[in-house]
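Here is a short briefing on pockets and the residues that line them.

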Amino acid sequence: MNHEMLRKKALNRPSVKKEYDELAPEFSLLRRMLKAREKAGLSQADVAEKMGTKAPAVARLERSLTTGMHSPSIQTLRKYAKAVKCRLDIRLVASK
């Protein structure tokens with residue numbers, strides 16, 4: 001069974017689907033962060049240097065958005081954004 005088949009099987013379970021859907025904002029932010037880092041042509045080590053930290057800290061930051069184990073501070077996200085030549089834009093959006 002490949003990853004996509006396993007994912008589809010898991011998402012057929014309502015409890016898994018609910019948890020997966022609740023993580024959508026984190027996954028979206030992570031995709032944007034990785035895309036911005038790639039567009040800037042930077043490695044995690046490059047970003048870490050610009051943020052004044054070490055590469056493992058950037059790896060933990062990027063990983064944290066998929067695990068839910070840690071919620072980075074706005075200041076940390078702001079530093080990351082600046083390092084990849086972006087700005088952080090946080091908004092509240094009305095629920096559907």
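Which helices each supply at least two residues of the lining of the second largest pocket? They are α5 and α6. This is a predicted model, where local features need pLDDT of at least 70 and side-chain atom pairs pLDDT 80 or more, while totals for chains, interfaces and linings use all residues. Residues are numbered from 1 along each chain as its sequence is written, and side-chain values use heavy atoms, without hydrogens and water.

**Terms**
- A pocket is an open set of points on a 1 Å grid over the protein atoms alone, where a 1.4 Å probe fits, with protein on both sides within 12 Å along at least five of seven lines; lining residues have an atom within 4 Å of a point.
- Points are joined across faces, edges and corners, and a volume is the space filled by probe spheres set on them.
- Helices are DSSP runs (H or I, at least four residues), numbered from the N terminus.

**Second largest pocket**
- Its volume is about 170 Å³.
- α5 gives the most to this lining, four residues.
- The lining includes Met-51, Arg-60, His-70 and Lys-79.
- By class, five lining residues are nonpolar (Ala, Val, Leu, Ile, Met, Phe, Trp, Tyr, Cys, Pro), two charged (Asp, Glu, Lys, Arg) and four polar (the others, Gly among them).

**Largest pocket**
- The largest pocket has a volume of about 1,200 Å³.
- Of its 30 lining residues, Pro-25, Leu-29, Asp-89, Ile-90 and Arg-91 are the closest to the centre.
- α3 (24-39), α5 (55-67) and α6 (74-83) each supply at least two lining residues.
- α3 has the largest share, with seven.
- This lining divides into 18 nonpolar, six polar and six charged residues.
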